[in-house]
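Morning, everyone. I have one structure to walk through, so please look at it first.

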Amino acid sequence: MPDAPSYGPCLLCPRLCSADRGSGGKGRCGQNNQVRLALASLHFGEEPVLVGKGGSGTVFFSGCTLGCTFCQNHQISKQGLGRDVEAPEFAAICLALQTAGAVNINLVTGTHFIPGIIEGIGLARASGLTLPVLWNSSGYERVEMVEALKGTVDVWLPDYKTRQSATAARYFLAPDYPEVAAAAILAMAAGYPLEYDEAGLLRRGLILRHLVLPGQLDDSRAVLTWFAQHLGGRALPSIMTQYTPIQALAGRPAPASALSAEEYARLVALIDEFDLGEGFYQELVPGSEWLPDFARPNPFSAELSRPVWHYALGFVTPK
Ligand code: SF4
């Protein structure tokens, strides 16, 4: 099995579907060999050590390798909203984020474009990009690809969603997710001690996110236990409570309600049980504030996001 990142036959993600993307074919992730983007924006909703004053420079890729039934970005992850970009434009987008004041480049769900991302970030670095590069992903990665990314990525931002194979099978059609993600996350953490810049922003290391699923606090306990055992003291935990029910993908199950106030109180008590050190957890914000609409020039609220590039508009001046 070749370990160097390549589009054909494609073995970039644990699906190992071997699609011949090198000739323009599409894989299970829905994408061919052209990097496809939906949005680049200054984002103010990430963890404080990733936001600072200028915002995190998020770059949202089209397509996805995991396919959660409850994906809040389904317009781009499943429906393919976005536009193909060549490496020079990708590099220019990263540099535009830097010029606009971003404190990092935050690559959101890029696993299926690893070869293009390595090329594009390399080009951006050669053209003056100095910001840390974040890998923001589901955690469903091959260890070999994590190793291949280590010359490109400075901060890892995986979301470890579940320790239960049955949950992963039900919601992601990936029963191997708990073990595959655990191995990938440990590979990410190796050689990445937490490092901060003079402003207190994270410039190297790993933040382990966990999106709490309503009705599954036992699973959250299992994830926190795993974190304490394997990463306690050398990574930052980030507990996310923003799960918002959407129209589930056709014929697939998804939790039907948001986290209740009672569940949230139990979650806070659970977090207190663990001595996790520095870390983050979201307040419970009812409603759909977190649900983006990527067809809009600014898919998020003005408080959360200031676009720099949009698939339908090209470069825009952040307001
Ligand atoms: S990245 Fe896409 S094409 Fe490649 S193995 Fe995964 S699902 Fe298949």
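A definition before we start: a residue is buried if 20 or more other C-beta atoms lie within 10 Å of its own, exposed if 12 or fewer, and partly exposed in between, with C-beta atoms placed from the backbone. Two conventions next. This is a predicted model, so local features need pLDDT of at least 70 and side-chain atom pairs count only at pLDDT 80 or more, while totals for chains, interfaces and linings use all residues. Residues are numbered from 1 along each chain as its sequence is written.

Overall picture. The protein has nine helices and twelve strands. Those are DSSP runs numbered from the N terminus: helices are H or I with at least four residues, strands are E with at least two. The C-alpha trace spans about 50 × 45 × 40 Å along its principal axes. Now the radius of gyration, taken over C-alpha atoms; the globule rule is 2.2 Å times the number of residues to the power 0.38. For 319 residues a compact globule would come out near 20 Å, and the protein has 18 Å, which agrees. Of the 319 residues, 46% count as buried. Contact here means that the C-beta atoms of two residues, placed from the backbone, lie within 7 Å. Take the contacts with a separation of 6 or more: 69% of them join residues 24 or more positions apart.

Helix α4 next, residues 114-126. The expected span of a helix is 1.5 Å times one less than its number of residues. With 13 residues, α4 should span 18 Å, and its end C-alpha atoms are 18 Å apart, which agrees. Which residues of α4 are buried? Ile114, Gly116, Ile117, Gly120, Ile121 and Ala124. They cover an arc of only 150° around the axis, so they sit on the same side of α4. That arc is taken over the directions from the helix axis to the C-beta atoms. The general rule: an α-helix has 3.6 residues a turn, so residues three or four places apart point the same way. What covers the buried residues of α4? The cover includes α3 (87-99), β4 (105-108), β5 (133-137) and α5 (143-149). After α4 comes Gly128, with a positive phi near 115°.

Thr109 lies in the loop between β4 and α4. Its phi is positive, about 60°, although Thr109 is not a glycine. Thr109 counts as buried because it has 23 C-beta neighbours inside 10 Å.

On to helix α8, residues 217-230. Its 14 residues should span 20 Å, and the end C-alpha atoms are 20 Å apart, which agrees. Ser220, Val223, Leu224 and Phe227 are buried in α8. Their arc is only 95° around the axis, which puts them on the same side of α8. The face turned away from that buried side carries the exposed residues Asp218 and Gln229. Covering the buried residues of α8 are, among others, β8 (202-211), β9 (236-240) and α9 (261-273).

Buried or exposed? Gly233 is exposed, because it has 10 other C-beta atoms within 10 Å. Gly233 and Asp275 are 42 residues apart in sequence, and their C-alpha atoms are 9.6 Å apart in space.

Now the segment before β1 (36-43), where Pro9 is found. The peptide bond from Gly8 to Pro9 is cis, with omega near -10°. Pro9 is partly exposed, with 16 other C-beta atoms within 10 Å. Leaving out residues up to four places away in sequence, Pro9 touches Ser18, Ala19 and Asp20. The C-alpha atoms of Pro9 and Ala19 are separated by 5.4 Å, at ten residues apart along the chain. Leu16 is also in the segment before β1. Leu16 has a positive phi of about 45° although it is not a glycine. With 14 other C-beta atoms within 10 Å, Leu16 is partly exposed.

Last, the ligand. How many residues surround the ligand? There are 14, and the closest are Cys10, Cys13, Cys17, Gly27 and Cys29. A residue counts here if its C-beta atom, placed from the backbone, lies within 6 Å of the molecule. The shell has eight nonpolar, three polar and three charged residues. Ala, Val, Leu, Ile, Met, Phe, Trp, Tyr, Cys and Pro count as nonpolar, Asp, Glu, Lys and Arg as charged, and the others, Gly among them, as polar.
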